[in-house]
Amino acid sequence: MKSSSDFYKRVFIVVKQIPHGRVTSYGAIARYIGAPRSSRTVGYAMNASHNMPDIPSQRVVNRNGLLTGKHHFQGTHLMQQLLESEGIEVIEDQVQNFQEIYWDPNLELPVFKD
DNA sequence: TTAGTGACCAACT
DNA sequence: AAGTTGGCCACTA
């Protein structure tokens, strides 16, 4: 039985699986949980992740590796600092070496099923 | 229920 | 090549 916030739970589950020092994109997560056109809503779900512990929301960026959601963090550069503390280089809100550290759940994780 | 919003994405000019 | 527009769909009021 699926609750209305089941979508959020799926998002959180995937985000928690992101390995240390890697990043992924909203679209990739949306696709993995079976809602390929709901990338926007994935970001919306991240907004609620502040209530949840152990959600590395800083590891989720847009498809260009740009930190579009950094304004939703407390500090001006908190998101960047969190990423840098994991060994990810960030310059001007842009993840450097993005293609190398990019982690796609569709490739690295087993197919999602309930 | 209808309408408005957004941490995106792809297509179009 | 760079900027704008529209669609997408879950959530809130």
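Modeller: Helices and strands are DSSP runs numbered from the N terminus, a helix being H or I over at least four residues and a strand being E over at least two. The model is a predicted one, in which local features need pLDDT of at least 70, side-chain atom pairs count only at pLDDT 80 or more, and totals for chains, interfaces and linings use all residues. Residues are numbered from 1 along each chain as its sequence is written, while chains are lettered from A and ligands numbered from 1 in the order in which they are written.

Chain A contains six helices and four strands, which follow one another from the N terminus as α-β-α-α-β-α-β-β-α-α.

DNA strand B is surrounded by 18 residues, and the closest are Gly27, Gly43, Asn62, Thr68 and Gly69. Two or more residues come from each of α2 (26-32) and α3 (39-48), and α3 provides the largest share, seven residues. In the classes used here, Ala, Val, Leu, Ile, Met, Phe, Trp, Tyr, Cys and Pro are nonpolar, Asp, Glu, Lys and Arg are charged, and the others, Gly among them, are polar. The surface near DNA strand B comprises 13 polar, three nonpolar and two charged residues.

Around DNA strand C there are ten residues, the closest being Ser5, Phe7, Arg37, Ser38 and Thr41. Here α1 (6-17) and α3 each contribute at least two residues, and the largest share, three residues, is again that of α3. This surface has four nonpolar, four polar and two charged residues.

The helices α1 and α3 also pack against each other, at an angle of about 85° and with their axes 9 Å apart. Because an angle of 65 to 115 degrees counts as roughly perpendicular, α1 is roughly perpendicular to α3. Axes are lines fitted to C-alpha atoms, for helices over the stretch in contact, and angles run from 0 to 180 degrees between N-to-C directions. Two residues are in contact if their C-beta atoms, placed from the backbone, lie within 7 Å. By that criterion, Phe7, Tyr8 and Val11 of α1 meet Thr41, Val42, Ala45 and Ala48 of α3. The residues of this contact are six nonpolar, one polar and no charged.

Technical notes:
Near = placed C-beta within 6 Å. Parallel < 35°, antiparallel > 145°, perpendicular 65-115°, else oblique.
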